[in-house]
Amino acid sequence: MKRHTFALGGAGLMLGISLIAAQAQTVAPTTPPAPPQFDAQQTPTFVGIADILEFKALPEYHEPDYVRAFVDAGKLPPVAERLPKEPLVYKTGNMPDGTGVYGDVIRHVIGGRPEGWNYSAGQTQGWGGIDIGLSECLTRTGPLFQVKAEELAPLPNLAKSWEWSEDGHELTMHLIEGAKWSDGDPFDAEDIMFYWNDVLIDPQVTPLNGASPETFGEGTTLEQVDAYTIKWTFKEVRPTQYLYSMAYGNFCPGPSHILKAEHPAYKDGATYDQFKNAFPPEYLNMPTMGGWAPVEYRADDIIVLRRNPYYWKVDENGNQLPYLDEMQYRLSTWADRDVQAVAGSGDLSNLEQPESFVEALRRSAEDSAPARLAFGARTISYSIYPNLSANGWGEPDARGQAVRELNRNLDFRKAISYALDRQSLGEALVRGPFTSPYAGGLMVPTSYYDDASTVYYPYSLEDAKALLEQAGLVDTDGNGFVNFPADVQGGADVEITMLSTIDYQTDKSLAEGVIAQMERLGLRVISQSQAGNQRDANEQAGKFDWTLRRNDSELITVVQNTQNLAPTGPQISRGHRAGTDGTQDLLPFEQEMVDTVNAFVGTADPAERIELMKTYQHLFTENVYGIGLTQYPGALIINKRFANVPAGTPILQFNWAEDGLIRERLYVPEDAQTTNELHPDTLPGAPGKGNGPIASN
Ligand code: GLA
């Protein structure tokens with residue numbers, strides 16, 4: 001990167017430069033300030049993949065006594081018949097507390113609300129790990145935080161093994177054989193092909209986490225070989241990166257035997273909207289491949305899930321998992337999740353809102369505290385993404401279009417970056433060694449992060465104002481806010497709407513802080529703060545000028561969802577998707593970012609990859625593709641009664657902790673078990689509206 005010799009000079013020196021500089025740039029870009037030291041409180045025990053799991057048949061299988069009663073009553077086939085030929089077996093040696101016992105419940109609290117169970121058509125179930133628990137995907141990445149660097153690769157899951165063709169263009173995957181959905185229907189390649197053809201490829205259907213065919217590479221195809229074999233064909237040679245994209249939340253197929261019947265391709269006269277909404281929250285026992293299935297829903301109150309009697313994972317003694325019989329989701333607020341986890345009325349929280357840190361730390365330090373709390377690395381970050389499409393994505397009106405043109409102007413983006421006092425933004429959330437100014441782009445905890453390749457525009461209102469002027473924005477009417485040039489929007493005040501969510505205090509605080517700081521710059525930013533579901537819908541549809549949001553994990557892992565690092569496909573990027581004619585009007589630096597990301601996916605050479613990510617980071621931060629705000633660590637809070645909690649589980653790395661923890665292996669020792677189950681001794685009943693759990697008698 002260009003080294004700016006004057007960047008660290010004293011104020012006097014910089015003032016001198018500004019006088020001679022052609023543009024009034026007094027504070028040169030620099031590298032970001034070093035984050036305050038904050039060590040993770042626990043580190044994982046690093047292992048190989050074969051230490052965690054294998055697929056094999058065991059001589060005998062076991063189930064909870066109450067499930068056995070269903071078998072005895074003729075309501076369920078024997079456990080050996082419910083399991084696949086070779087179940088996924090978790091190794092005892094990798095279980096922190098060893099083989100578990102059955103019983104008890106894990107009580108989650110969430111701030112989201114379920115739209116319905118059609119994950120394939122993009123419906124949220126309210127987040128907080130509920131969809132993670134229902135979904136099983138071709139591969140799995142959440143637990144990779146504990147895998148040694150030299151063995152790092154996605155865990156097999158629904159795909160139990162795979163091999164590459166000699167030329168590296170074909171990947172053949174072997175699905176788990178004989179596994180069943182929670183209603184007993186066989187799981188096979190039909191489910192996979194329905195997900196590929198009628199969800200991913202169908203432009204009218206977008207799954208919850210937004211996967212599109214390009215998530216697996218431009219021009220990639222997928223075909224069925226036989227009932228348990230599928231074959232991918234890639235344009236690239238051995239793009240092992242895509243194995244990560246086949247994990248949560250991109251390749252988690254839904255139950256085709258249930259979904260097909262409502263999909264317009266199979267149901268005469270059905271619309272896509274009807275398909276999407278065919279499985280509202282009141283539709284219970286939706287078939288799942290996950291450890292639990294939903295058996296009760298009460299609006300704004302609770303979702304209860306009971307164990308899936310067909311779950312296809314076991315421990316080494318042949319005990320069918322999960323160990324926990326029930327999972328509850330209280331429908332409350334995210335802040336309440338922290339409060340309840342600390343108090344012991346909830347069981348788990350990802351402490352991610354710095355506003356709660358001090359109180360949570362204080363309470364958890366007490367001997368009588370019901371939960372343990374452990375901070376991890378600085379993996380939570382926030383950015384603003386300006387909408388960079390000028391060819392119609394989201395169909396902006398004339399004002400919106402004028403803002404898009406501004407967003408595409410580098411001076412304008414730099415002005416915003418210079419105008420942000422990130423130190424104060426972070427300190428307004430919490431004081432102490434937590435938050436740190438964030439330049440945007442790759443995050444410090446990834447091994448690909450390179451400080452010297454990171455361009456940081458430090459706080460300087462003077463520079464920001466000069467750059468705004470350079471972008472043609474001057475306060476012509478003297479009301480304190482800059483105007484468009486006379487020939488744009490009649491020279492009206494520039495007004496920018498900023499999309500964000502009201503679901504988190506942190507998002508609200510940051511949005512308020514940014515708006516106040518932009519006001520100091522003379523830029524009027526109007527808050528468009530919405531419930532999470534609505535925000536997500538507007539974001540997906542491109543209906544925003546700027547969007548302020550918490551970042552996703554590709555900026556932490558790089559190897560996972562690598563395609564999402566740049567606008568590599570028409571529907572992939574947060575800030576820049578294809579316009580009304582289907583094309584992407586990428587700026588030259590965006591095209592370079594795309595090429596860099598594609599080159600990264602296309603090579604396995606470690607040294608080359610490191611260099612490519614330096615280039616990427618430089619392109620991203622110098623051009624302010626996204627405007628970084630703040631970064632900080634989060635803590636996992638989990639009730640002390642749970643055993644098998646892996647040390648050093650991060651709240652967010654390859655996935656959220658709800659995946660990383662491997663909840664199907666968590667258990668509660670007998671002497672610590674509670675009577676908190678709401679539907680003891682029951683199992684999910686038949687899928688349908690108004691149905692519920694069933695008893696054996
Ligand atoms: C929400 C929460 C996160 C995590 C995820 C899981 O986004 O804020 O802490 O629980 O859901 O999807």
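A backbone N or O atom of Gly128 lies 3.0 Å from an oxygen atom of the ligand. That pair falls under the term polar contact, a pair of N or O atoms within 3.5 Å; within protein, one must be able to donate a hydrogen and the other to accept it, and residues adjacent in sequence count only if both atoms are side-chain atoms. Please note that this is a predicted model, in which local features need pLDDT of at least 70 and side-chain atom pairs count only at pLDDT 80 or more, while totals for chains, interfaces and linings use all residues. Residues are numbered from 1 along each chain as its sequence is written, and side-chain values use heavy atoms, with hydrogens and water left out.

For Asn350, an N or O atom of the side chain is 2.9 Å from a ligand oxygen. For Tyr504, the distance from a polar side-chain atom is 2.6 Å. The protein covers 96% of the 310 Å² of accessible area that the ligand has on its own, an area computed by the Shrake-Rupley method with a 1.4 Å probe.

Which residues surround the ligand? They are Trp127, Gly128, Gly129, Trp334, Arg337, Asn350, Glu352, Tyr504, Arg550, Trp656 and Glu658; near here means that a heavy atom lies within 4 Å.

Let us turn to the domains. The protein chain is divided into domain 1 (49-375 + 636-695) and domain 2 (381-632), with bounds from an automatic or database domain assignment. Their contact takes 33 residues from domain 1 and 30 residues from domain 2, where contact means heavy atoms within 4.5 Å. The domain centres, taken over C-alpha atoms, are separated by 33 Å.

Is Gln241 buried or exposed? Gln241 counts as buried because its relative accessibility is 3%; buried means under 20% relative accessible area, exposed over 50%, and partly exposed in between, with a 1.4 Å probe and protein chains only. Its side chain joins that of Arg609 in a polar contact of 2.4 Å. Beyond residues up to four places away in sequence, Gln241 touches Val559, Thr562, Phe600, Val601 and Arg609.

Gln528, by comparison, has 22% relative accessibility and therefore counts as partly exposed. The side chains of Gln528 and Thr497 make a polar contact of 3.5 Å. Leaving aside neighbours within four places in sequence, the contacts of Gln528 include Met498, Leu499 and Lys543.
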